[in-house]
Protein chains: 2
Amino acid sequence: MRLPSLFALRALEAAVRHGGYSAAARELSVTQGAVSQQIRKLEAELGASLFHRRGNEMVPTPEAARLAGEIATAVAGLQGAVEGFAAAAEREPLVLSVDGRFAARWLAPKLPRLLAHPAGANLDIRVEDRVANFTADGIDLGVRFGRGDWPLLAAERLTTDRFYVVCTPQFAAEHRIATARDLLEAPLIHSADRPWSMLFDRLQLPTPPVNGPVSNDSLLVLEAVARGVGAAIVRSSMVDDDLASGRLMRPNSDSLPLPLDYVRPGQLVRPVADPETLPAPYGYFAVWRPDNRKQRRIRLLCDWLTAAGK
Amino acid sequence: MRLPSLFALRALEAAVRHGGYSAAARELSVTQGAVSQQIRKLEAELGASLFHRRGNEMVPTPEAARLAGEIATAVAGLQGAVEGFAAAAEREPLVLSVDGRFAARWLAPKLPRLLAHPAGANLDIRVEDRVANFTADGIDLGVRFGRGDWPLLAAERLTTDRFYVVCTPQFAAEHRIATARDLLEAPLIHSADRPWSMLFDRLQLPTPPVNGPVSNDSLLVLEAVARGVGAAIVRSSMVDDDLASGRLMRPNSDSLPLPLDYVRPGQLVRPVADPETLPAPYGYFAVWRPDNRKQRRIRLLCDWLTAAGK
DNA sequence: GCTGGTTATGAGCATCGCTAATGGCTTTGC
DNA sequence: GCAAAGCCATTAGCGATGCTCATAACCAGC
């Protein structure tokens, strides 16, 4: 025998329990008509009346009441099974893979907030700078630096970076940095792909010779900045927290033409109306496989990450 | 938590049991694609994979297998409850109301066949010539004489009557009835609304004076015919069985212009191509309320009745 | 390599069933 | 009594669901 639809059975059960279609409809979040139709169809399928009216109340037949009871237990069993499974799935860790710089400079400061949020439940946060394969490595959500154009992967932008000149307040005071020109005399930490020349060229000043340490690793650079070794040009996303907390500052942010957009040598830059909203071509992206089964949790975490970046 | 559709859950259960979507699809009488999509959707709702492929076989995850088991028991519970209810409804008698003539002359001979057929299970056959109200009297299916145009009731024609001259073989032999003219001399049983004149007029013979008993009750008339009292003009549906068994016969059916259509005095009769298929305006109809919940059984019985009349 | 099996996936489309509106009926409160 | 507010029944309309169909990709056995 073909089983009636689950909804019809639940409608019957609810109608018996409430003693009316309208109340049942409210419980099931549908209109009263829907319940009426479902029960009518059910009566046709089962070949017997389920209710008879008495005044304004619907009285279930004894058989219908009995059936409703059995449906209730069966449905509760289904519900329990499904919810148990879903809960178990929820307890399974969601693997978040981030690279070292993002982990240290962006995620770490926000971690307490994330862990207190539902999106942060049962996270397995892996810090790894290279990821071979999302599926093979069991990664549910990655945060990767790039242009958001990974093949086969969905991506959502987390950061829209500007480049900031940063140093500690102590450093700025010590070296009396008031104008951009003052930077010429101060120790400047160089990094390979964010040359100071891109600032001084805009200011039409001569780029000073390398007078401080050089590193291609922004973590090391920022460590050095934090210890007062010098000023550096860094991605805004790496120092959001330090700037907010006052551990770092952007010296002379009034007089310096900052934020700077990062422009590679030879890269075409189009003028835009509002440079503040210029999307940097590169940035951090949340990245995931669209066919991953944990979409709901991925969505939740992804939404949290994008919101936290604002 | 919103429950997934019952079909999706059953698809999962069947797929686990068969170890593949195609076999599950065959069991559920849908295409393989339908099962695939249902399970994909289920995985999305539950937030976890349910199967992983190994070669050509689909291996359920342990959790999915567990879930499938719980679903199986819950669905079996539902199935059992629904089938128990339907079976109980089936055991409830289906009330068939027929009038006395139909019961005696049409239904009674066919009763053994009907009772051996599923359509005849749990019948409550009531013989009553007047029916006030289908709902109030709890009548599921009525057989009524008329034109099939009862308001608020659905009707399906059971009999398309002709009028036959009938008598017993003994009677025909005894009175040497060879031609229509022979009837003029034989005892003829008269009934109010099927006058012999309608036959003799067509034969362009004078209608003989009333030379036999008269009754308005066809049962009495037929009883008299059966006892060899005389010949009579009767509805074909009243004598189908007696003619088939040879208890009655249609004398001189070659030479007499029979069957006759019943024509009331003054009634317009249109010529038709094949008079054998001329639908009599009046006849027996199966009649029921379209909103009766026992439509399935009514349909079954109604189909049996129409088929039995052919 | 070929054949016969499997699942995955997308387009198209029919069906289903919900919503919304309406009507008839009952109860309640004035 | 009457009006108002509740109930269920029923209809038309329409949007979403989810099926079928067709195709692709993949696997196993010969």
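How many nonpolar, polar and charged residues does the surface near DNA strand D have? By class, there are 5 nonpolar, 14 polar and 2 charged residues. Nonpolar here covers Ala, Val, Leu, Ile, Met, Phe, Trp, Tyr, Cys and Pro, charged covers Asp, Glu, Lys and Arg, and polar covers the others, Gly among them. Keep in mind that this is a predicted model, where local features need pLDDT of at least 70, side-chain atom pairs count only at pLDDT 80 or more, and totals for chains, interfaces and linings use all residues. Residues are numbered from 1 along each chain as its sequence is written, while chains are lettered from A and ligands numbered from 1 in the order in which they are written.

**Around the DNA**

- For DNA strand D, A:Gly20, A:Ser22, A:Gly33, B:Gly33 and B:Gly55 come nearest of the 21 residues around it; "near" takes a C-beta atom, placed from the backbone, within 6 Å of the strand.
- Two or more residues of that surface come from each of H2 and H3 of chain A and H3 of chain B, and H3(A) has the largest share, 5 residues.
- Helices are DSSP runs (H or I, at least four residues), as are strands (E, at least two), and both are numbered from the N terminus.
- DNA strand C also has 21 residues around it, and A:Gly33, A:Gly55, B:Gly20, B:Ser22 and B:Gly33 come nearest.
- Helix H3 (32-46) of chain A, plus helix H2 (21-28) and helix H3 (32-46) of chain B, each supply at least two residues there.
- H3(B) gives the most to the surface near DNA strand C, with 5 residues.
- That surface splits into 5 nonpolar, 14 polar and 2 charged residues.

**How the two chains relate**

**The largest nonpolar core**

- This core has 58 residues, of which A:Leu12, A:Ala15, B:Leu12 and B:Ala15 touch the most other members.
- Such a core is a set of buried Ala, Val, Leu, Ile, Met, Phe, Trp, Tyr and Cys residues joined through C-beta atoms within 7 Å.
- Beyond its neighbours within four places in sequence, A:Ala15 is in contact with A:Gly20, A:Tyr21, A:Ala24, A:Val35, A:Ile39 and A:Met58; contact takes C-beta atoms, placed from the backbone, within 7 Å.

**Domains of chain A**

- Chain A is divided into domain 1 (6-91), domain 2 (94-160 + 282-308) and domain 3 (162-268), with bounds from an automatic or database domain assignment.
- In chain A, 8 residues of domain 2 are in contact with 6 residues of domain 3.
- On the domain 2 side, helix H5 (residues 100-116) of chain A gives the most, with 6 residues, and the residues of that side divide into 4 nonpolar, 2 polar and 2 charged.

**Positive phi outside glycine**

- A:Ser29 has a positive phi, near 55 degrees, and its place is in the loop between H2 and H3 of chain A.
- A:Ser29 counts as exposed because it has 8 other C-beta atoms within 10 Å; the cut-offs are 12 or fewer for exposed, 20 or more for buried, and partly exposed in between, with C-beta atoms placed from the backbone.
- B:Arg176 has a positive phi too, near 50 degrees, in the loop between helix H6 (169-174) and helix H7 (180-183) of chain B.
- B:Arg176 is also exposed, with 10 C-beta neighbours inside 10 Å.

Technical notes. Two residues are in contact if their C-beta atoms, placed from the backbone, lie within 7 Å.
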